[in-house]
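Please consult the sequence and the structure shown below alongside the text.

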Amino acid sequence: MYTFTLAPELLETELKKLILDTADKADDIALADFADDAVLFGDDSPIGLDSLDALQTAVALQQYFQVRLQGDRMVRKHMMTVRDLAAFIRKEHGA
C-alpha cells in the first residue's frame with residue numbers, strides 16, 4: 001500500500017516504491033539508488049521501464065494518487081522522471 005502525500009520528498013519516495021513494485025523491479029533496484037531525476041524509460045534509464053510498465057504504473061497512479069494520465073502523450077510528458085511525475089500530481093491536486 002502507498003501513502004498519499006503531496007509533501008516534498010515523501011511523494012517522490014512513494015512514487016518510487018509504486019514504480020518499482022508495479023514494474024516488478026523492487027528486488028533489482030534499491031530505493032536509495034533510484035534518483036528523483038533518473039530517466040524512467042529507454043536505454044539510458046537505470047530503471048528500464050517499458051510500455052507495459054507505463055500502463056501498469058498509470059493504473060496504479062489513478063488508484064492510489066487519484067490522477068489520470070490519458071494517452072501516450074501525457075505519459076511521455078509527465079512520466080519521464082519521478083520528479084516530473086510528482087510535479088504533475090501536485091499540480092493536479094492544486095498543491
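## Aromatic pairs

Tyr 2 has a relative accessibility of 14% and therefore counts as buried, the cut-off for that class being under 20%. The structure is a predicted model. A search of the whole structure finds 2 aromatic pairs. In one of them, the ring centres of Tyr 2 and Tyr 64 are 4.8 Å apart and the planes stand at 80°, so the pair is edge-to-face; planes over 60 degrees apart are assigned to that class. This pair links distant parts of the chain, since Tyr 2 belongs to the segment before helix H1 (10-22) and Tyr 64 to helix H2, 62 residues apart.

What geometry do the rings of Phe 4 and Phe 65 adopt? Their centres are 6.0 Å apart and their planes meet at 45°, so the pair is tilted. Here too distant parts of the chain are linked: Phe 4 is in the segment before H1 and Phe 65 is in helix H2, 61 residues apart. Phe 65 has a relative accessible area of 0% and is buried, whereas Phe 4, with 38%, is partly exposed. The value for Phe 4 falls between the limits of 20% and 50%, which means that the residue is placed in the intermediate class.

## Nonpolar surface patch

Helix H2 spans residues 51-65 and includes Leu 52. Leu 52, together with Leu 55 and Val 59, makes a nonpolar surface patch of about 290 Å².

## Positive surface patch

A patch of positive charge on the surface gathers Arg 73, Arg 76, Lys 77 and Lys 91. Which element supplies the largest share of this patch? That element is helix H3 (residues 71-78), which contributes 3 residues.

Arg 76 is located in helix H3. With a relative accessible area of 53%, Arg 76 is classed as exposed, because the class requires a value over 50%.

Is Gly 71 buried or partly exposed? At 44% relative accessibility, Gly 71 counts as partly exposed. Between Gly 71 and Ala 58 there are 13 residues of sequence separation, and their C-alpha atoms are 9.9 Å apart in space.

Methods: Residues are numbered from 1 along each chain as its sequence is written. This is a predicted model: local features need pLDDT of at least 70, side-chain atom pairs count only at pLDDT 80 or more; totals for chains, interfaces and linings use all residues. Side-chain values use heavy atoms; hydrogens and water are left out. Patches are made of residues with over 30% relative accessible area and no salt bridge: like charges are joined within 9 Å, nonpolar side chains (Val, Leu, Ile, Met, Phe, Trp, Tyr) within 5 Å. Accessible areas come from the Shrake-Rupley method with a 1.4 Å probe; for residues, only the protein chains shown count as cover. A salt bridge is a side-chain nitrogen of Lys or Arg within 4 Å of a carboxyl oxygen of Asp or Glu. Helices (H or I, at least four residues) and strands (E, at least two) are DSSP runs, numbered from the N terminus. Lys and Arg count as positive and Asp and Glu as negative; His and the chain ends are not counted. The place of a charge is taken as NZ of Lys, CZ of Arg, CG of Asp or CD of Glu. Buried means under 20% relative accessible area, exposed over 50%, partly exposed in between (1.4 Å probe, protein chains only). Rings of Phe, Tyr and Trp (its six-membered ring) pair if their centres lie within 6.5 Å; planes under 30 degrees apart count as stacked, over 60 as edge-to-face and the rest as tilted.
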